[in-house]
Amino acid sequence: MPIHKHKGDIFDLDAAIQHMAHWLPSQGPIKDFIHHNTLHAVQHFPFHEGVAVAAKVFGARSYLPLADYQQRFQTGRITPDAIDWAIAQSGCSTQDAQILRDSMFKDDHTSHHPPISLANDGIRNAWVNRLEIDLNALVHPVMFRLLSNYLDQGISRWALPKNGENFWDCVVRLTLNSLIPLYPFHQSIVREMLRENPEQVILTCLEKIVGDESLYSQYLLEVLLGHPGWSGMVHIIEGNPQALLAPRMISLKQMLAVELACELAFVDKKKGTHFLKIAELPELAAIPLFDEDHLTPQVPLKLRVWHEAMEWSLHSELLAALRDQPAPKVAQAAPEVQAIFCIDDRECSLRRYLEEVHPGVETFGAPGFFGIDFLYQGLDDVYPVAQCPAVIKPKHLIKSSTTLQRAPKKDPRQDLSKMHFSAHSMARGWIYTQTLGFAYAARLAWSVFRPATKLPGIRTLSELEAHGNLHLLRESDEPNEDGYLLGFSLAEMADRVAGLLRSIGLTQNFAPLILAAAHGSSSVNNPHFAAYDCGACAGKPGAPNARAFAWMANHPGVRDILRQRGIDIPDTTHFAASMHNTSRDEMTYFDEPSLDKSVHPQMQAFKRAMGIALERNARERCRWFELGPQTPDNKVAHRHVVTRALSIFEPRPEYNHSNNLYCVVGRRQLTRHLFLDRRAFLQSYDPQSDVDGELLAKILSAIFPVCGGINLEYLFSRIDNSMYGAGTKLPHNVIGLLGVANGVEGDLRTGLPSQMIEVHEPARLLIVVEQCTDVIDQALVKLAGLREWVDNDWVRFVSCDPQTRALMLYGQQGWQKITLPSALVAPSAKRSEAVIVGQTKTIPVHQLTGRHV
Amino acid sequence: MNVLLLACVLLPLLGLSLIFLSDGNEHKIARISLWVTRAMSLSIIALLALWALSGFKAYEYQWFVLYQQDDYQFPLLFYLDRVGAAYLFCVGMIFTIIVKYCRVYMHRDAGYQRFFQTIFTFAFGLNVIVLAGSIDMLFAGWEVVGISSFLLIAFYRHRWQPVRNALRAYTIYRLCDVGLLMGAWMSHMLFHESQHFSQMAGLFDQAIEPAGYAALSVLSWLIILAASGKSAQFPFCFWLPRAMEGPTPSSAIFYGALSIHLGVFLLLRTMPIWSFNFLPRLMIFSIGLLTVIVASLSEKTQSNIKGQVAYASIAQVGFMFIELSLGLETLVLLHFMSNAFLRCYQLLVSPSIVAHLLRVEGAVDTDFYIKDQRKLQYLPNSLRDVLPDVLQNTLYVFALQEGQLELLVRNMLWEPLKKLGRTLNQVSAWIKWLTVLALLVWLLIAVAEVSGVAGTYLSMPVSLLMVLVSASAFSQKHSPFKVWNSIAISSFLAALAVWLMVPSALFDLFLFLSGIVPAWLLGLLAMYFLLKNDNFAESSFRYRAFSETRPGLSLLLFLSFLGLVGFPITPAFLGEDLLLSHASSQHPWFAAPITIAFVVNGIAAARVFMRLCMGRPVEVKEFRL
C-alpha cells in the first residue's frame, strides 16, 4: 500500500492522516475487549504476503522460529504428508521443491530474530541519530502524560479537560495561561506557534523539521508508529467518542500537532534554531522509504511451507474425522431438553460432557448474544454497555429494575474496606495509613495463603444480581435523550427470536424445556477481564441477552407472530436462561420463579446433569494448568478452578480461546461423536433449510470477524508477543482505565498478554461448512467486503457435503477437492476421560465410540 | 541467638546460590525458594521471640573482623534493637508473602530463575542493612539492595523504557550512596573504632568539643542525602514511579513496602548523630514537608494506578520524615509498618482498578475545576475572571510535571557534568599525550622525594585529573572501550593520588587495584568479543541485546561491571573504603573528588552495560543498504 503522496504542490494533511490511520492498531478501551485481526492493515494482501509486509513495517516475526517447527515434526505433530501438501501449495518447481525439502531440516541460526522495523528505523531515526538526541525518550513521556491525563476515565483525582474542551485547547490553555511553564512548550519558538490552529502548527513544524513536502507523510507515519498504542487509541476515540464513558474530543491531527510542537521544542532547546533538517541528511538517499518498492513482500519460503504444513497437519485431523462421519439420519423424537450455547470454543467440551451425562439433551450453538442487540444497564451500573458484536450498533436500551426494597447504596468512597482505592485528603490519608495498614497485613496474608475463602472485595459482573427485572417491552416509541429506544416492540422481538431459531435450524421438534446458556468469566486482579467474557457480547457476560431471549420467546404475543411466520412453538415448550461461568465452571440459572411448573422435572434433571458435566469439564481444563492438580478426581479439579478464579496472584484464571483452531458450521450430528479438545467454534446450521445461502451468509458474516478475529489475534499475539501482543502481563500498569502499559511511561500495549497465548498453537482457523459448494457460493456473493477473509486465505474455508461428506477446499482458484491419505483415520476412544488422561498438550480429534446415539 | 542472627542474614544468600546453581527448572527453583523462605521467616520469628524474652534489650554480636590494619578495622558486626526488630518483622512477613505470591504469578516467565535470584539478593541486602552493627556494614547491604533494585527495574530488558528507568533509579542511588560512603568515612574519623550503632547513643553523653559540631553537621547532611535518595524524598521523588517497570510483586516489595522505607531506617539508626542539633532536624522536617506537598499534589494527577500508589507512598514517607524530626520514634515505626503493608497490598491488587472503578464506584469522571460559581464570590472582583483560571492551570501544570523535580536534578547535576565531559572529549589527542607526559614528570618528582609535602601538593592535580577523566567517560557516547578505559584510568589515578599522599598505604592500594584491574581487563575482553563484527559508533543508540544473543559474555561483562564500580563482591569495595579512610584522614578535601569519581564512574559503566546487553535482538543485516 503506497502512502499518500502530495498532489501537485499542496500537501493534503487530512488525506494523509486518513491514509496513515489504517496502519494503527484498532483496539478500544480495555473495558470492552473486542478481538480482531491484528493485521487488519494488510488484510487486502493474501495472508503470507500481508504478514511479510507487516513484519517489515513493524519489525515483527512472521512465523514461529524454525526450530519450533522442526521440533513439532520430530514429535509427530507435523506429518510428512502435510509437508508434501504444503510444498505443492507453494507453487515452486520440482527441482526447487527438492532443494527446499532438503534445506527444511537443517539448522538455521539467522532466522531467530525479527527484522529491523521500517517504521522505527526510517528517516526520523536517521535524523535523530545525526542530531544525537534521544528524541523518543524526551518526547514520549511528555506526550503520554498529556494524553493519558486528558483521556483518563477516573484514575486521576483531578481531570485535565474542562467541560467539552478538546485536546489541543487543553494543551494551549496550560501552556499560555499558567504561571509555571509547561515543559517543553514554553520554548519561545513553540509558544508563539500555539496561537495558530493545529493544522498550521503541523505544517510549520514539518517545514522546520523535514523541509521536503514529499517526505511529510513518511515522517508523520514514523511519528505515529513510534507509539502505535496511543496513536491507535486516539484514532479509535476520534472515530467513536462513545467508546469512552466520559467522552473526550481528540483527533490524530491534534495529537500530531502537539507532538510535533513538542519535538520542535526539544530540538530547538538542544540545537538552537538552525539544525540539520531531514531533507539535508547526507544519507537520505540510502534510507528505505515507506512506499510501494519497499513494501514488496518477500515471503520466506521455507518458513511459509513449514507453517502451512503445521496448519495442514492440524486441519487434516478434523477433516479426516469429518470425512468418516456417517450421513445424517432422519429426525428422531423430540428430546427432553434443548440447550443453546454460545458458539465459543470453551463451550465445546461442556456440550460434549452434558450430552454424555444426559442423553436427552440436544445442544445447539449460536453467537452468545442470541441475536438480541441492545445496550444494557444493570441495577448497579452507572453506564449502559453494548451487549452485541462490535459490528452492530444497537438502538435499544434495556434497563433492569427491582421490586424489592434495596438498602441505599453506600458511597464506596466512605467504605473503609475499599480505602485502598479511593481518594482522600492529605490528612485523612495520614490517619488511615497510620491506623489501617495492619489490617491490610492480615488481608494480604489471607488472600495469598487462603485465596478461595474470601473474595477480595471486588464484585465481578458475572456475579451480578439476578433479581432485577429487565424492561424489555417498549412502552412508547419516543427515543430517550441519547436517541435510544427503551425496549423492543413485539414485532422486533419476534424478528430477533425467529432470526436465531432459523439460523440454528430449530424451527420444529421443540423440547418442553429450552435453555439459553450464556457465558461469562470471573477473575480477580485482571485488567483484561473483558477479553475473557463473551466475544459476541462485545466482551461482556451474556446473561442479560440470555434472559432477554428467554423472556421474549416465552411471551405469548411474540409466539403468535412467530406462528404467523411459520415457527410454531407449542404452548408446552418453555424457555429459560442461564449463564456458564467459564473460569469457575459454575452455572447460574435466572428467573427460576417464573419458570412454568410443568417443566420443573426436566429442569431438575438438567441441573443435575449439568453439575456433573461442569466437574468433568473442570478436569479437562486442568490438564492445561501446569501447577494445577493432574487428578482423576473431578471434584478436586473443580475446586481448583474455583480457587484459581479467586486468587489475586493467578495471572491465568483460565486459558480462554487458547485452543481455538476449528469452526464447524452444521448440524450437531456431524460433530456429536467427536472429541474436539475444546478447539472448535460450533455453530448450528441446518443445510436443508437454506437453499439460497441466505442464512449461511448471515452466519458467516458474524463468524469471519468474530471467530476469525479471535483466531488471528491469538495467532499474531503468539507469533510475536512483543510486537503484536501485549507482552507479559506481570509488569502491566493500568493507564486511565484505557489500557495497560509497561511502567508509568510506556506506550499502551495492544493485543493479548503472553499469559493468554502461551499454550496456543498459532494456526489459522479452519471453517468447515456442512453445505454443498453451490449454496456456499451463493452465500459468499452476499458477503461483499468480508470475502477478503476467504479470498486472501486469512481463514481456511472447507465445504463438507451434507450427504456424501466429500470435502472441498476454497481457494483463489475456486473449490479444490481434498484428498486425504486413506491411512489417516481419527483415533478412537470410548470416552473423553480415556482421551485426556496424562495429556498436557493438544490432542488430535478422536472418534468417541461410547456415546449414546 | 547469634546463630539465628547469622541464619537471617545467610539464608537468603544460600537461597541465591542454590537457585543460581540449579538447572533453571521452575519447580526446583520454587521448592528451593519456598523452603529457604520458610527457614528464614522461622529464624526471624525465633530471633524476635528470643529477643523479646530477653527483655527487648539491644543486642550486639561481632562475628569476626574481616580486615584490620593499624587503626582501621572492618568487623562483621550485627545489632538488633527495637528499630531493627520492627523492620525485620516486616521483611520476614512481606518477603514470605511475596515469594508465595510469585510462585504462581511468575509461573512460566522466561526470567523465573533471574527473578528469584534477584529477589533473594535483595532479601540478603535488606537483612544486612537491618541487622548491621556499623555504618560500614550498612553500606555493604545498601549497595546490594541498590544493584538488585537496578536489576529488577530492568527485568524486562528487551524494552528500552525499563532499561532507561533502571538507569535513572541507579543514578539517584549512586548519587546518594556518596552520602553513605562519605558518612561511613566520617564516622571512622569521628568515632574511630567506636562507630558501632550500639555505642552511638552513649557517645554524646559527654560534652562535644566545639570542633565536632561542624563535622557532625556535615555527617548529618550526608546521611540525610543518602536517606532522601533511597526513600525518594525531595528532590528525588521522580524516580520512584518510574521504577515500576518490573513484575508487579517486585514493585510491591521494593517501592511499595521495603526498599522505600530504608531511608527512614537509616535516619532511625543514626538518630543520635543528627538529632543533637536543631539544624539537621529542621532539614529533615523541611524535606519531609516539601515532599508531602509535592507528592500529594502529584498524586492527584497521576492517571496510572502504580504512579498514584507510588506518590501516595512517597507522601507517607514524607510524613515519617516530619515525625522523625520531631523525635516521635515509636510513631514512625508504627507508621512504617502500616504503610509498608498497605502499599504492598495496593500494588499487588492494582490490576483490579479497572473492575473496581467501573463496577463498584462507577466514578468515571473527576472534578478539579471550580464549577460552583458561589465559591468564586470569596475572591476579589478584579481577580474573579482571571486569577482562578491561572491558578488552576498553574496548580495543574505543577502537579502534572511532578514539581519539575526531575528537570531540576538533571539541570543541577548531570548537565554541567555532561558539558564538561563533552568538552574534554573534544580535546585533541596530543594534548592528552602532553598530560600523560606531565604526569610522568610529576611522578618522578614524587619518587625523588624532593620534599615531604610535595606528595600532598602533587596529588591535587592528579585527583583533579581523575575527576576529569571520569567526566569524559560519562559523556562518551561513541565507544564503550573508551568509557571502560577512562573508568579504569580514573581508578588508577585515584590510587596514584592516595599513594602520593600516604606512601605507606601501598598494600591497601594493591588490594584496591586487585579488584579493579581484573574487572577492567575482563570487561575489555568481553566487549572485544561482543563487538567484533559490529561498528558501534555507526548506531551508538541501539540497544544491542547481547544478554539474549550472547548470555555468557554478557554475564562476564556484568561481573566486570560490578567489579569496576566497587560492588561488594571484589576487594575493590573494601579498597574504596580504605582509600578514603587513608587519604582523607590526613587530607579531608580528598573525599570530594574521589566520591565524585566513584559516582560518575558507576553511572558511566552502567550505561555501557545497558547499551550492550539490554534490548530486543533484531536482524541487523537485512536493511543495511
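1. Helices and strands in this note are DSSP runs numbered from the N terminus, a helix being H or I over at least four residues and a strand being E over at least two. On that basis, chain B has 28 helices and two strands. The model is a predicted one, in which local features need pLDDT of at least 70 and side-chain atom pairs count only at pLDDT 80 or more, while totals for chains, interfaces and linings use all residues. Residues are numbered from 1 along each chain as its sequence is written, and chains are lettered from A and ligands numbered from 1 in the order in which they are written.

2. A residue is called buried if 20 or more other C-beta atoms lie within 10 Å of its own, exposed if 12 or fewer do, and partly exposed in between, with C-beta atoms placed from the backbone. Chain B has 625 residues, of which 57% count as buried. Two residues are in contact if their C-beta atoms, placed from the backbone, lie within 7 Å. Among the contacts in chain B that link residues at least 6 apart in sequence, 78% join residues at least 24 apart.

3. The domain assignment of chain B gives domain 1 (2-201 + 208-355) and domain 2 (427-623); such bounds come from an automatic or database assignment. The centres of the two domains, taken over C-alpha atoms, are separated by 28 Å. Between them, 25 residues of domain 1 are in contact with 24 residues of domain 2. On the domain 1 side, β2 (72-80), α5 (135-153) and α6 of chain B each supply at least two residues, and α6(B) gives the largest share with 14 residues. By class, that side has 18 nonpolar, three polar and four charged residues. Here Ala, Val, Leu, Ile, Met, Phe, Trp, Tyr, Cys and Pro count as nonpolar, Asp, Glu, Lys and Arg as charged, and the others, Gly among them, as polar.

4. Between the chains, 92 residues of chain B are in contact with 89 residues of chain A. Elements of chain B that each supply at least two residues to this side include α3 (82-105), α6 (160-191), α13 (278-300) and α14 (305-325). The largest share, eleven residues, comes from α15(B). The side of chain B that touches chain A has 46 nonpolar, 28 polar and 18 charged residues.

5. In chain A, the UniProt annotation "binding site", from an unreviewed entry, covers A:C342, A:D344, A:H519 and A:C534. Positions are given in the numbering used here, feature names are shortened, and annotations may be inferred rather than shown by experiment. The four residues span 193 residues in sequence, yet no two of their C-alpha atoms are more than 8.9 Å apart, so they gather at one spot.

6. A:H519 is in strand β8 (residues 513-520) of chain A and is buried, with 28 other C-beta atoms within 10 Å. Leaving aside residues up to four places away in sequence, A:H519 touches several residues, including A:C342, A:D344, A:C534 and A:H580. A:C534 lies in the loop between β8 and α18 (543-554) of chain A and is also buried, with 31 other C-beta atoms within 10 Å. With the sequence exclusion of up to four places, the residues that A:C534 touches include A:C342, A:D344, A:H519 and A:K540.

7. A:F73 is in helix α3 (residues 66-74) of chain A. With 20 C-beta neighbours inside 10 Å, A:F73 counts as buried. The C-alpha atoms of A:F73 and A:F105 are separated by 9.4 Å, the two residues being 32 residues apart along the chain.
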